Amino acid sequence: MVKKLASYIKEFKRDTIITPIFVALEAAMEMIIPLFMSWIIDNGVSKGNVKYVCIVGVVMLIVAFLSLTFGALNGKYAASASTGFARNLRKGMYYNIQNYSFANIDKYSTAGLVTRLTTDVTNVQNAFQMIIRILVRAPLMLIFAMSICFYINVKLSFIFLGAIFFLGIVLYFIMSSAHPYFLKVFKKYDDLNASVQENLTGIRTVKAYVREDHETEKFHKSSLKLYQYFLKAEKIIVFNAPIMQFTVYTCILLLSWLGAKMIVSKSLTTGQLMSLFTYTTNILMSLMIMSMVFVMIIMAKSSAERIIEVLDEKSDLKNGENPIYEVQDGSITFNNVSFSYNKSMDNLVLQDINIKINSGETIGIIGETGSGKSTLVQLIPRLYDVTKGSVEVGNIDVTKYDIETLRNEVSMVLQKNVLFSGTIKENLRWGNNDATDEELIAASRQAQADEFIEKLPNKYDTFIEEGGTNVSGGQKQRLCIARALLKKPKILILDDSTSAVDTKTDALIRQAFKETIPNTTKIIIAQRISSVQDADRIIVLNDGKIGGFGTHNELLKSNAIYKDVYESQVKGDDSNESK
């Protein structure tokens with residue numbers, strides 16, 4: 001884990017190395033000052049040598065200034081190294097997430113990934129800065145102080161060795177006991193963030209159903225659980241401070257008692273005892289600082305494990321050897337395809353699918369909710385890989401294509417239409433970053449979006465709020481269709497993407513497809529028979545299996561499922577018209 005994280009220091013290696021050097025120099029300067037003080041007391045003040053006091057005093061000032069300078073420099077480089085390290089971690093995680101397949105994304109919640117990119121990286125960043133700065137400084141101060149203490153008096157120095165041994169055992173038990181609770185804490189952070197995200201995303205629904213109290217209670221429960229885990233961890237860590245204080249005061253008492261005896265027996269000077277008291281504070285303060293850093297490392301360890309989990313997650317969709325970089329046409333073949341999200345043949349979402357779609361055909365797909373319509377079309381651009389069988393595009397197995405090449409030739413408008421904050425132009429150019437204004441307008445006309453865009457004050461430069469909250473559902477769908485058309489794909493898939501538009505606009509969109517992109521294979525998933533009845537052929541999916549495949553008229557005659565849906569919708573329309 002440490003090796004993996006260290007690889008993200010990258011261009012900040014110099015700052016990472018320089019920081020401990022300046023920390024060491026700062027610690028050395030600080031440790032020399034008490035020794036100078038003992039010399040001033042023993043050789044200057046006690047003997048009345050003013051000149052000696054002045055000379056050593058000036059040297060002390062120079063050493064103090066150097067300590068201050070080295071402290072400022074190590075702070076500067078530590079900040080640069082830690083923030084750069086955090087930036088690289090976030091960049092690495094974000095880049096890896098972009099390469100995830102749908103199956104990889106399904107493993108994590110959105111809130112969980114956001115927590116890893118924010119809270120967890122911040123914890124690791126803080127721990128990293130402490131390690132290269134504080135965790136270097138404290139042991140060095142401890143070593144310097146212990147060395148000088150042994151130089152002053154060996155017998156009294158054994159008091160500190162005993163204190164170090166005792167605290168080491170205590171800190172080990174604190175760390176091992178608190179770590180499991182911190183792991184639970186960060187998992188609860190995911191739940192809390194998920195609750196907040198869900199609430200804010202669906203705030204209109206919450207208000208429409210007057211469910212503010214319910215959402216507040218749900219948030220309270222998540223917060224309470226987080227608080228309880230933190231409390232359990234803190235109850236363990238809180239023992240750190242009193243144990244440190246007990247050790248400090250015990251050392252001071254022992255040092256005072258034994259030191260006084262040695263002064264009386266003239267085996268120790270007053271200046272040396274004063275220095276030992278100062279070094280006692282330094283040694284025990286170093287131990288206290290180290291214990292606090294270890295607490296931070298406990299938290300960071302939990303965060304680091306979650307970060308590594310995201311970084312180590314590899315996409316289960318990869319290019320094969322010598323991938324193909326050209327898609328010949330939009331023909332599609334499903335050869336005995338079965339699919340399961342967990343890759344098990346025991347829980348299949350699709351079973352034994354055998355379909356041949358010609359290039360340029362318009363294919364409708366209809367079926368009950370949960371029948372596998374969306375899953376079927378997601379196999380075409382390799383958003384998922386089949387569990388059994390094969391999918392071919394242009395008479396070539398999709399696994400043999402370069403993934404980016406394949407997906408550039410397959411344009412999908414998903415069930416959940418997503419627009420990003422930015423202008424209409426910027427959103428449309430997701431389909432083709434180099435599209436001209438004329439191409440944007442042409443695609444918008446095909447999608448029947450140009451009509452409402454031209455009525456907006458800033459037209460194509462109108463700003464779309466995050467999530468497209470300032471446009472209607474139907475307008476959002478039409479913009480997403482226009483965006484897909486700009487790719488000029490060989491295969492266009494509309495996954496229930498005209499559900500929010502009226503039947504007239506739906507018919508105009510389909511007519512525009514027929515006239516402007518006749519050579520593009522069009523797959524239309526719909527709930528309304530009217531949206532697919534003019535298709536060349538229609539697939540009827542039933543519980544993950546092909547329940548029928550043919551033209552509208554053929555299915556009306558031979559397929560009971562299709563006929564039932566048609567009659568229920570036609571009768572429903574007739575009854576509405578009679579009213």
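1. Let's start with the sheets. Strand 4 (residues 388–393) and strand 5 run antiparallel and are joined by two bridges. Within strand 5, I396 is the residue that stands opposite V393. Please keep in mind throughout that this is a predicted model.

2. Stepping back from that pair, there is an open sheet of four strands, ordered 2-1-4-5, with antiparallel pairing. Its edges are strand 2 (350–357) and strand 5 (396–397); each has a single partner strand, so one side of each is left without a neighbour in the sheet.

3. N336 is found in strand 1 (residues 332–339), and its phi is near 50°, a positive value in a residue other than glycine. Most residues other than glycine have a negative phi. N336 counts as partly exposed, because its relative accessibility is 30%.

4. K10 also has a positive phi, about 45°, and is not a glycine. You will find K10 in the loop between helix 1 and helix 2. With a relative accessible area of 45%, K10 is partly exposed.

5. N542 stands opposite K545 in strand 12. Strands 11 and 12 form a hairpin with two residues between them, and D543 in the turn has a positive phi of about 55°.

6. Now to the charged side chains. How many salt bridges does a search of the whole structure find? The search finds 17. As background, side chains of opposite charge can pair when their charged atoms come close.

7. One of these salt bridges is between D312 and K4, with the closest N and O atoms 3.3 Å apart. This pair links distant parts of the chain: K4 is in helix 1 (residues 2–6) and D312 is in helix 11 (residues 270–312), 308 residues apart. Both ends are partly exposed: D312 has a relative accessibility of 40%, and K4 has one of 27%.

8. E11 and R87 form another salt bridge, and their closest N and O atoms are 2.3 Å apart. E11 sits in the loop between helix 1 and helix 2 (13–45), while R87 is in helix 3, so that distant parts of the chain, 76 residues apart, are linked. E11 counts as partly exposed at 49% relative accessibility. R87 is partly exposed as well, with a relative accessible area of 46%.

9. A further salt bridge joins the side chains of K425 and D461, at 3.8 Å from N to O. K425 lies in helix 14 (residues 424–428) and D461 in the loop between helix 16 (450–453) and strand 8 (463–464), so the pair ties together parts that are 36 residues apart in sequence. Is K425 buried or exposed? At 19% relative accessibility it counts as buried, because the cut-off for buried is under 20%. D461, by contrast, is partly exposed, with a relative accessible area of 45%. Salt bridges that share partners bring K425, R429, D437 and D461 into one network.

10. For the surface, note a nonpolar patch formed by V58, I62, F65 and L66, which together have about 380 Å² of accessible area. V58 is found in helix 3 (residues 50–98), and V58 counts as partly exposed at 47% relative accessibility.

11. Finally, the second largest pocket. It holds about 360 Å³ of space. Its lining consists of 15 residues, of which V2, L5, V124, F128 and I131 lie nearest the centre. Helix 1, helix 5 (110–132) and helix 11 are the elements that give two or more residues to this lining. Which of them gives the most? Helix 5 does, with five residues.

Technical notes
Residues are numbered from 1 along each chain as its sequence is written. This is a predicted model: local features need pLDDT of at least 70, side-chain atom pairs count only at pLDDT 80 or more; totals for chains, interfaces and linings use all residues. Side-chain values use heavy atoms; hydrogens and water are left out. Patches are made of residues with over 30% relative accessible area and no salt bridge: like charges are joined within 9 Å, nonpolar side chains (Val, Leu, Ile, Met, Phe, Trp, Tyr) within 5 Å. Accessible areas come from the Shrake-Rupley method with a 1.4 Å probe; for residues, only the protein chains shown count as cover. A salt bridge is a side-chain nitrogen of Lys or Arg within 4 Å of a carboxyl oxygen of Asp or Glu. Buried means under 20% relative accessible area, exposed over 50%, partly exposed in between (1.4 Å probe, protein chains only). Two strands pair if DSSP finds at least two bridges between them. On a 1 Å grid over the protein atoms alone, a cavity is a set of points where a 1.4 Å probe fits but cannot get out, and a pocket is an open set with protein on both sides within 12 Å along at least five of seven lines; lining residues have an atom within 4 Å of a point. Grid points are joined across faces, edges and corners, and a volume is the space filled by probe spheres set on the points.
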